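Please go through the model below in questions and answers, taking the strands, the helices and the aromatic rings in turn.

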Amino acid sequence: MRLKDKVAIITGAASGIGKETAILFAKEGATVIGTDIQQDLLKNLESENPNIHGYLLNVTDRPAIASFVEEIKSKYSKIDILINNAGITADALLIKMSEENWDKVININLKGVFNMTQAVVPVMISQAKGVVLSTSSVVGRYGNVGQTNYAASKAGVIAMTYSWSKEYGKKGIRFNAVAPGFIRTPMTEKLPENVINMMVEKTPLRKFGEPADVANAFLFLASDEATYITGQVLGVDGGLVM
Ligand code: NAP
């Protein structure tokens with residue numbers, strides 16, 4: 001087992017990539033703390049997987065995050081891995097994008113990653129060890145029509161990953177980002193057929209990715225197989241960005 005005895009927090013764990021990652025990490029021996037805002041989905045995940053413990057937690061709620069981290073620290077006495085995965089889209093062309101949708105996406109996808117990481121890193125500093133992985137996107141590397149807010153948030157995740165690697169490498173903490181391409185999850189279910197076909201056509205491997213493709217990348221980066229890897233962005237995108 002590649003994550004035996006590790007304690008891993010995963011945000012957005014009730015659906016899609018986060019759910020697949022939670023299940024895989026639990027199978028690999030980790031105690032998984034799965035957080036999300038979808039209470040029923042979390043309950044289902046927990047009831048099917050004894051090593052996954054669900055917590056209702058909004059990544060924008062800083063006071064709730066502070067109490068959550070205190071609770072996890074006293075219950076499990078350590079945090080080995082944080083996976084910043086919660087994210088949303090609210091697409092529109094630049095001139096049609098509302099300020100509300102700009103703020104919403106930046107607040108969850110970018111500030112949410114800052115909130116969680118800022119709360120967890122002090123625990124990792126005290127352990128002199130830890131791994132923080134965040135979900136960026138191909139869109140954060142090369143932009144996308146209708147996704148000004150999302151692209152900015154995902155590029156910001158990469159920039160924060162670089163900065164934190166430089167700040168805390170000497171404390172034994174590794175930070176990496178994963179940049180998925182188009183992955184089959186509830187987030188991409190709503191894409192129109194013509195957009196899906198266009199993306200598949202542009203992807204060298206000519207197919208959508210599956211949540212397991214991203215979960216496997218997280219597993220490698222979280223494991224002791226990646227102990228000399230930090231400040232990297234791993235594309236899981238069928239070759240879309242190269
Ligand atoms: P998903 O199936 O929608 O799962 C995301 C989960 O995060 C949902 O349960 C969602 O709840 C939850 N969430 C939303 N806002 C939250 C908040 N404020 N606090 C805590 N949890 C929150 O999406 P996914 O496709 O697995 O995406 C996971 C991550 O991968 C996201 O960061 C996404 O941007 C990134 N990504 C996805 C793709 C793709 O093609 N699917 C590609 C590149 C990157 P709600 O359902 O209520 O929103």
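Q: Where does Asp5 lie?
A: In this predicted model, local features need pLDDT of at least 70 and side-chain atom pairs count only at pLDDT 80 or more, whereas totals for chains, interfaces and linings use all residues. Residues are numbered from 1 along each chain as its sequence is written, and side-chain values use heavy atoms, with hydrogens and water left out. Given that helices (H or I, at least four residues) and strands (E, at least two) are DSSP runs numbered from the N terminus, Asp5 is placed in the segment before S1.

Q: Is Asp5 buried or exposed?
A: Residues under 20% relative accessible area are buried, those over 50% are exposed and those in between are partly exposed, for a 1.4 Å probe and protein chains only. The relative accessible area of Asp5 is 53%, so Asp5 counts as exposed.

Q: Which residue of S2 stands opposite Ile9?
A: Strands of a sheet pair through backbone hydrogen bonds, either parallel or antiparallel, and two strands are taken as paired if DSSP finds at least two bridges between them. S1 and strand S2 (residues 31–36) pair in the parallel sense over five bridges. The residue of S2 opposite Ile9 is Ile33.

Q: Which strands stand at the edges of the sheet?
A: The sheet is open and has seven strands in the order S3-S2-S1-S4-S5-S6-S7, with parallel pairing. Two of these strands have a single partner strand each, so one side of each is left without a neighbour in the sheet; they are S3 and strand S7 (232–236).

Q: Which residue of S7 stands opposite Ala179?
A: S6 and S7 run parallel and are joined by five bridges. In S7, the residue opposite Ala179 is Gly235.

Q: At what angle do helices H3 and H4 pack?
A: Two packed helices are described by the angle between their axes and the distance between the axes. The axes are lines fitted to C-alpha atoms, for helices over the stretch in contact, and angles run from 0 to 180 degrees between N-to-C directions. For helix H3 (residues 62–76) and helix H4 (residues 99–127), the axes are 10 Å apart and the packing angle is about 35°.

Q: How many residues in the contact of H3 with H4 are nonpolar?
A: Contact means heavy atoms within 4.5 Å; Ala, Val, Leu, Ile, Met, Phe, Trp, Tyr, Cys and Pro count as nonpolar, Asp, Glu, Lys and Arg as charged, and the others, Gly among them, as polar. The packing of H3 and H4, at about 35°, involves residues including Ile65, Phe68 and Val69 of H3 and Phe114, Met116 and Val123 of H4. Three of the contact residues are charged and two are polar, while the number that are nonpolar is eight.

Q: What kind of aromatic pair do Tyr55 and Phe68 form?
A: Rings of Phe, Tyr and Trp (its six-membered ring) pair if their centres lie within 6.5 Å, and planes under 30 degrees apart count as stacked, over 60 as edge-to-face and the rest as tilted. A search of the whole structure finds four aromatic pairs. For Tyr55 and Phe68 the centres are 5.4 Å apart and the planes 75° apart, so that by these cut-offs the pair is edge-to-face.

Q: How far apart in sequence are the parts tied together by Tyr55 and Phe68?
A: Tyr55 and Phe68 are both buried. Tyr55 lies in strand S3 (residues 52–56) and Phe68 in helix H3, so the parts that the pair ties together are separated in sequence by 13 residues.

Q: Which residues contact Ser153, leaving aside its neighbours within four places in sequence?
A: Ser153 lies in helix H6. Its relative accessibility is 0%, so Ser153 counts as buried. With those neighbours set aside, Ser153 is in contact with Val105, Ile106, Asn109 and Leu110.
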